[in-house]
Number of protein chains: 4
Amino acid sequence: MNFSYKNILENAYHEIQQKDNDGKIATYIPELAHVAPSKFGAHMTCLDGTSLGIGDHIEKFSIQSIAKVLSLTLAYKLVGETLWERVDVEPSGTKFDSLLLLETYKGVPRNPFINSGAIVICDILISQLDNAKEAFLHFVRDLSDLPNLTYSDKIADSEKRTGFRNVALCNFIKSLGNIKNDPDDVLDFYFDMCSLEMTCQQLSHTFMFLANDGCKVSDGKPIITVNKSKRINALMLTCGFYDESGEFAFRVGLPGKSGVGGGIVALYPDNYTIAVWSPLLNEHGNSCKAMKLLEEVTTHSEMSIF
Amino acid sequence: MNFSYKNILENAYHEIQQKDNDGKIATYIPELAHVAPSKFGAHMTCLDGTSLGIGDHIEKFSIQSIAKVLSLTLAYKLVGETLWERVDVEPSGTKFDSLLLLETYKGVPRNPFINSGAIVICDILISQLDNAKEAFLHFVRDLSDLPNLTYSDKIADSEKRTGFRNVALCNFIKSLGNIKNDPDDVLDFYFDMCSLEMTCQQLSHTFMFLANDGCKVSDGKPIITVNKSKRINALMLTCGFYDESGEFAFRVGLPGKSGVGGGIVALYPDNYTIAVWSPLLNEHGNSCKAMKLLEEVTTHSEMSIF
Amino acid sequence: MNFSYKNILENAYHEIQQKDNDGKIATYIPELAHVAPSKFGAHMTCLDGTSLGIGDHIEKFSIQSIAKVLSLTLAYKLVGETLWERVDVEPSGTKFDSLLLLETYKGVPRNPFINSGAIVICDILISQLDNAKEAFLHFVRDLSDLPNLTYSDKIADSEKRTGFRNVALCNFIKSLGNIKNDPDDVLDFYFDMCSLEMTCQQLSHTFMFLANDGCKVSDGKPIITVNKSKRINALMLTCGFYDESGEFAFRVGLPGKSGVGGGIVALYPDNYTIAVWSPLLNEHGNSCKAMKLLEEVTTHSEMSIF
Amino acid sequence: MNFSYKNILENAYHEIQQKDNDGKIATYIPELAHVAPSKFGAHMTCLDGTSLGIGDHIEKFSIQSIAKVLSLTLAYKLVGETLWERVDVEPSGTKFDSLLLLETYKGVPRNPFINSGAIVICDILISQLDNAKEAFLHFVRDLSDLPNLTYSDKIADSEKRTGFRNVALCNFIKSLGNIKNDPDDVLDFYFDMCSLEMTCQQLSHTFMFLANDGCKVSDGKPIITVNKSKRINALMLTCGFYDESGEFAFRVGLPGKSGVGGGIVALYPDNYTIAVWSPLLNEHGNSCKAMKLLEEVTTHSEMSIF
């Protein structure tokens, strides 16, 4: 099986590599604008131990919103199903930073992967933990087996200077009663959380617990229950790609999550995880090449959850 | 495996049967209001040939919107990927009969399973076929192996007299340019299409082709390609339950489709289909007991696509 | 005073006449598209008996939505303040045919001058009168002193064939419970009501009762009370120009009403009425030249209600 | 004339005084919640020099949003008609602090009297003036002939601690490009601007320039041009009462502006200004008793602009 995956991955990579570059680099976080648009890498980690990489797969990039899956995992682990009183599990149907639905749903974000939802998750973690920033970093270091992982001050500071939309979101939710802590503290954590950097290889490795019924593969340690793990996967499938989640499920057919740094991680439960990176984004804020590569891989392998 | 499914299904059925009846019968279609609220049945059909039924599983009910999966299948088969120029593949994020998003997206419904989308699918079928009503009936008769299946005039007439919201939707889309035929003709077909009646057993049997890579199980006949079959399943998962699609994916974890008659069909690719019926609906228009039963089945069997 | 009005009107007319023609003729009612775009006329009728006309002021045009002021007047006269349980008195803030706010406000249109509101007014008239069409025509014949005025079948039929948006609006309100009669009957009356044709002179004459505390000027006959007359004027000021009502109040400073036929009628209480016609519309559906002319007249005369 | 106004004012005051107290005190600014709900005063200042007061008309209250008319006046005076590139002149049609329309109109608030619009006006003043806070205070001191008027730190601080919705609005507009200065600076000025306190007598006196073609009455000094003065009046009529502006125009028929402190100022051009105060607000944020009193005064005097 892995031999064929290798072929499929390489063929898809080279085919897409040759095509014209569509999309635009995210510029609303100034620091992200410095990345070379031609970067393109992918890495697949299989439950049987196989690990396949291609292109810029061992170069770090800003994982941005992909980290929201990890902060959700920690919060879900800590507070259980009561979490869903603070944030819903429905696709938003609209732009990723929309304020429309917040007004309709009285401050309860539609899901934990749009910005408003991830901000509420940060608020929950601050309430639950003595030092949420440290605790979350520690949690991700453990998941990733990267003991030296740190927040990127450069990225975080860049976003803190320009993230007016997120400041608006957080204060709006506060005004609607669904932020319990000081909005400045919540935003400070949120921007740090989004500043993590990983390579495709590391990212693929980090997400293996979700392909493995909630247990780390490297040491077998249980992170969350099977049931919670399945539910996080379901959420990634229905809500992982902003208002393009339906399209991703339709074309790729795997649970996944994108970030405006150009990364996408996707996973096939009980089989593999795959992380892809190319910084050029489509109008929905998702990486063009990464989506295309994943579509090719699942189409040619005929291996999707559907 | 099937022995354990039998136990799981029966245990779940009896447990839920004893509970209080939540929900309300759909009353906006007067004819549906005559159904006994206590009806409750389920039927599971497995690829290995096993067939398991319980409760009112051989009593006919109005499948309503569940038929939208079948009309989509026929239209997708006929026009291929150009279909998606007329209707999108995204969850709507809002109430099932919302006009809001139609205005935003210039007449292109968010997906083929909300009313507006299904109306556009009817319009496409009318353009493609000499006699869409007859051709669609013929198509469903073949899929279901029910040569005598007919539209229910009683149900269709009842909705024709009261379906002002659907008249509004169809004319609104026409005004936005995405209905090509006479709105009255499109609505006439739409109301007939939604009037089909089946038992849980028949419904479960009819949907087997989507669990079997696009081929009928009874005679092996290919209905649609593997790829299209997977994509329809993806659509059911992200959009099959109106603005509760995320919740269904989260709790049940299977592609499925509900109807306001109280039916739900769900399927586990390469394994089985299951049809459940109980007419009491929650505020989102989905059957309370049917959703609960499906949650129990996938939780206890630990068999979901995630 | 009237001498100076004459100068002001003529100067403004000639100045605007020479300018480039902006705007577009309404094409969504096919019959309206046949009008020559260069048509331009204005007529002012003063309480002291003076009557001033210029340009195409004695040529008939389709008054369209301007008739909504007259149907409101009749309904208000018949049912009094209970009218406002069925339609509100607030500017809509959005496009003239928007469905958004109807959903928010449960079928109660924001005001009687947007299409949805005028449709509800037609429904009220049908409930109140044996033959609403005849009765309304009789009412307008009396107001206008035009005993031979009739509906234009050509215009009405043209709109009946293409007015899908209005069919949608009426059925949508019906589904929300705020239409009591058959939607087809309501629409039939609505399209006829909008098909009336008058010259600028006739239109200016017809609206004099609103500048004269609710009494006809030609024969002194009371049509509505002073209080109701003032309130209709207030409604014209806040809601008479779709989502450009604020702009009209700001630039012109008079109560008025526009129609997509290119007509505008405005009035200065206790002083005069003025009707202007030029078929080229701006993006809000209001006549460009008519608005400009009215702005010039009130600016140079320094006579506005503010 | 003034004798009859005296009677009308007194009769209306006593009649309304006896009625049950409807409405609620604004509690979202904690400092406002300390005001006695029974307060009720009114003051009318006529162009002929007459000055009529009743009830608590010489007790200070927080004028809140009424100050937005004064900041608009100063900004309009400074930048002229280019002002309207930054803020529109249309009624919003929705709740006073809505974010919906900002998204639709790309950061351009619908009018200068909703919070978002007033925040943009503050931004303009900061860009235009060396010390906007001082300059605005100086401007209002001059208009009001109150050389010792100051901002209320208590009120401003109270709102700064709780005004999350306004923080959201300002940052949201900043993200859409229509705030040029630091959002914190803009908000600091905005909260101070809204903290001014006046009595009904002082408020009525302060607004006389708008009833007097733009010139102060006490010393004849021109503040703004006739044309600008008329346009500010038009804006008050169409937009002065949030999403109840139509209702106020309909029932009262005068340009006016309300504040959540319970004050309303209204004016009849070339005749008088009137300020009314009662802290109990209706659901739209406007004072119940003040609206009722004004309706009585214009109905019984038959003196409105319509």
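**Exercises on the chain contacts**

The contact between chains A and B takes 33 residues from chain A and 33 residues from chain B, two residues being in contact if their C-beta atoms, placed from the backbone, lie within 7 Å. This is a predicted model, in which local features need pLDDT of at least 70, side-chain atom pairs count only at pLDDT 80 or more, and totals for chains, interfaces and linings use all residues. Residues are numbered from 1 along each chain as its sequence is written, while chains are lettered from A and ligands numbered from 1 in the order in which they are written.

**Exercise 1.** Determine which elements give two or more residues to the side of chain A that touches chain B.

*Solution.* Step 1: the elements are α11 (226-239) and α12 (245-251) of chain A; helices are DSSP runs (H or I, at least four residues), numbered from the N terminus. Step 2: α11(A) gives the most, with 10 residues.

**Exercise 2.** Describe the side of chain B that touches chain C.

*Solution.* Step 1: this contact takes 12 residues from chain B and 12 residues from chain C. Step 2: α3 (100-104) and α7 (164-175) of chain B each give two or more residues. Step 3: the largest share, 8 residues, comes from α7(B).
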